[in-house]
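Thank you all for coming.

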Amino acid sequence: MNSPALPNPAPHWPQPLSSTARQVRQIAKAAAFVALGFGAAAHAAHAAGSIRLEDDRGTTVELQAPARRIVSLMPSLTETVCALDACDRLVGIDRHANWPASVKGLPQVGGIDDANIERIVSLKPDLVLLRPRSRAAEPLERLGIKVLALDAKTHADMRRVMETVARATGRPGAGEAFWRKLDAGLDAARARVPAGWQGRRVYFEVHGGMAAASESSFIGETLARLGLGNAVPGTLGPFPKMSPEFVVRANPDVLMVSALGEISAMAGRPGWSAMSAIQRGRVCSFASARFDLMMRPGPRLDEAADAIVACLASLDPKP
């Protein structure tokens, strides 16, 4: 496979390099890797039969064979690959991926906004998983690397993404089977919600108190599956920015926050000390690792539901 023509670099780069110059140099180096290694691999794989997928950009991605060397630029996609028993195919991850523990030893290639293109290409992936708005997609595709852009904002999205990843790894049906397992886990979690909490309203705080998970977010959908209400309407968007005054007026029955937010600090927000949830200590404070999994639209959705139910069971639901 011929690498794309790239402009010749200037004899001497000015100091410091501009961001454009750095990108051109990075792509030029990466193109050399592609020219050396990818042509023969693509030719050998062609006879194995192709897999056609449509990603969340509406782009059709054709793989000549099931992906064997995967770079993932999103923690939730990394977790999905592993949940589908394909963890051994990961050759690179983003800096925030931390589950399962085995992925922590993999090469890190940056993040959604600063992925290291040269580093990714050096890992010789046959597929890169990322979000639709990732800046890495275009330069990688120019180098002939297959990119699958996936995003999950709802439970339905999560179900679709799981099956798409399963097909990309040559295991059609495995994603749907895993979703059925998650779905059963959500039903089981709902059955354990104490009767006194059914229908009660939750305020689920995110981004350090600057925003909240509304009814239209995947977290809001999980709360609804558990038979809980949401103090933030979906019409405001999935994760709207919130003012302290809004929460006071909403007067939720329980607050759910990261453990980084202390109850005493929340009580210091304008008007919050008068809220019944603060006065009665009805606050679910989740440790950092647990809160991370609750914020990821991935295969540990049932664990997130279990954490919510366990906290509610420890609180007094009486008004």
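Predicted model: local features only at pLDDT ≥ 70, side-chain atom pairs only at ≥ 80, totals over all residues.

A search of the whole structure finds 2 disulfides, and with the bonded cysteines counted along the chain they follow the pattern 1-2, 3-4. In one of them, Cys82 and Cys87 are joined with their sulfur atoms 2.0 Å apart, and because the torsion about the S-S bond is about 55°, this disulfide is right-handed. Cys82 counts as buried, at 11% relative accessibility, whereas Cys87, at 22%, counts as partly exposed.

Cys284 and Cys311 form another disulfide, with their sulfur atoms 2.1 Å apart, and this link is left-handed, with -105° about the S-S bond. Since Cys284 lies in strand 11 and Cys311 in helix 12, the pair ties together parts that are 27 residues apart in sequence. Cys284 is buried, with a relative accessible area of 0%, and Cys311 counts as buried at 13%.

Turning to the helices, helix 5, residues 155-168, packs against helix 6, residues 174-191, at an angle of about 145°, and their axes are 7 Å apart. The crossing of helix 5 and helix 6 is right-handed. Among the residues that meet there are Met158 and Met162 from helix 5, and Phe178 and Trp179 from helix 6; by class, the contact has 8 nonpolar, 2 polar and 3 charged residues.

Note on methods:
Residues numbered from 1 in each chain as written. Heavy atoms only, no water. Axes fitted to C-alpha atoms, helices over the stretch in contact; angles between N-to-C directions. Helix = DSSP H or I, 4+ residues; strand = E, 2+ residues; numbered from the N terminus. Left-handed = near helix turned anticlockwise from the far one by under 90°. Contact = heavy atoms within 4.5 Å. Nonpolar A, V, L, I, M, F, W, Y, C, P; charged D, E, K, R; others polar. Disulfide = S-S within 2.5 Å. Buried < 20%, exposed > 50% of the residue type's maximum accessible area, 1.4 Å probe, protein only.
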